[in-house]
Amino acid sequence: MLEKGLRVPIEDVFDATDPHLMKESYRQKTARATVPAMELADGTIIRDAAACMRVLEKLHPEVPLLGRDAKEAAIVDGWEHSAYEDGVVAVGEAFRNSPA
């Protein structure tokens with residue numbers, strides 16, 4: 001958001017009494033109770049970082065971060081997917097191979 005010059009409100013969704021728990025008000029908004037999530041002006045909840053960025057890109061197209069045309073968008077999506085897969089696989093391998 002810094003690259004686009006956007007200031008988006010941020011809400012602390014964790015319960016102050018137990019940082020492992022999400023606030024009830026947040027869990028009521030998003031059934032999966034995952035972060036990040038973004039609430040639009042009409043109350044729609046957008047989950048997943050990539051989906052949130054896609055909405056912000058459509059609402060604020062300058063500076064384009066997700067490609068200026070179909071080709072650039074596909075390249076960005078491919079890199080994002082590779083980074084996600086590589087990160088998930090690395091974490092999975094670390095978890096699987098760590099001593100109990």
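**Reading a predicted model, feature by feature**

Guide: Lys29 has a relative accessibility of 38% and therefore counts as partly exposed. The scale runs from buried (under 20% relative accessible area) through partly exposed to exposed (over 50%), with a 1.4 Å probe and protein chains only. This is a predicted model, in which local features need pLDDT of at least 70 and side-chain atom pairs count only at pLDDT 80 or more, while totals for chains, interfaces and linings use all residues. Residues are numbered from 1 along each chain as its sequence is written, and side-chain values use heavy atoms, with hydrogens and water left out.

Visitor: With which residue does Lys29 form a salt bridge?

Guide: Side chains of opposite charge can pair when their charged atoms come close. A salt bridge here is a side-chain nitrogen of Lys or Arg within 4 Å of a carboxyl oxygen of Asp or Glu. The partner of Lys29 is Glu39, and their closest N and O atoms are 2.9 Å apart. Lys29 belongs to helix H1 and Glu39 to strand E3, so this pair ties together parts that are 10 residues apart in sequence. Helices (H or I, at least four residues) and strands (E, at least two) are DSSP runs, numbered from the N terminus. Glu39 has a relative accessible area of 44% and is partly exposed.

Visitor: How many salt bridges does the count come to?

Guide: The count comes to 6 salt bridges. Among them is the one between Asp77 and Arg54, at 2.8 Å from N to O. Because Asp77 lies in helix H3 (residues 70-97) and Arg54 in helix H2, this pair ties together parts that are 23 residues apart in sequence. Asp77, at 36% relative accessibility, is partly exposed, and Arg54, at 30%, is partly exposed too. Another salt bridge joins the side chains of Arg68 and Glu72, at 2.9 Å from N to O. There, Arg68 is exposed at 65% relative accessibility, whereas Glu72 is partly exposed at 25%.

Visitor: Which residues make up the largest nonpolar core?

Guide: In soluble globular proteins, nonpolar side chains tend to be buried together. A nonpolar core is a set of buried Ala, Val, Leu, Ile, Met, Phe, Trp, Tyr and Cys residues joined through side-chain atoms within 4.5 Å. In this structure the largest such core has 6 residues: Leu6, Met38, Ile46, Cys52, Val55 and Leu56. Helix H2 (residues 49-59) gives the most to this core, with 3 residues. Leaving aside residues up to four places away in sequence, Cys52 touches Ala37, Met38 and Ile46; a contact means heavy atoms within 4.5 Å.

Visitor: What volume does the largest pocket have?

Guide: On a 1 Å grid over the protein atoms alone, a pocket is an open set of points where a 1.4 Å probe fits, with protein on both sides within 12 Å along at least five of seven lines; lining residues have an atom within 4 Å of a point. The largest pocket has a volume of about 580 Å³, a volume being the space filled by probe spheres set on the points. Its lining has 21 residues, and Pro9, Ile10, Glu11, Ala37 and Met38 lie nearest its centre. H1 (24-29), E3 (37-39) and H2 each supply at least two lining residues, and the largest share, 4 residues, comes from H2. By class, the lining has 16 nonpolar, 1 polar and 4 charged residues. In this grouping Ala, Val, Leu, Ile, Met, Phe, Trp, Tyr, Cys and Pro are nonpolar, Asp, Glu, Lys and Arg are charged, and the others, Gly among them, are polar.

Visitor: Where is the place of Thr30, and is Thr30 buried or exposed?

Guide: Thr30 lies in the loop between H1 and E3. With a relative accessible area of 2%, Thr30 is buried. Not counting residues up to four places away in sequence, Thr30 touches Ile45 and Arg47.

Visitor: Which residue has a positive phi of about 50°, and which peptide bond is cis with omega near 0°?

Guide: Most residues other than glycine have a negative phi, and most peptide bonds are trans. Ala33 has a positive phi of about 50° although it is not a glycine, and Ala33 is in the loop between H1 and E3. The bond from Val35 to Pro36 is cis, with omega near 0°, and Pro36 is also found in the loop between H1 and E3. A further cis bond runs from Glu62 to Val63, with omega near -10°; Val63 lies in the loop between H2 and H3. Asp48, not a glycine either, has a positive phi of about 85°. Asp48 is in the loop between strand E4 (45-47) and H2, and is partly exposed at 45% relative accessibility.
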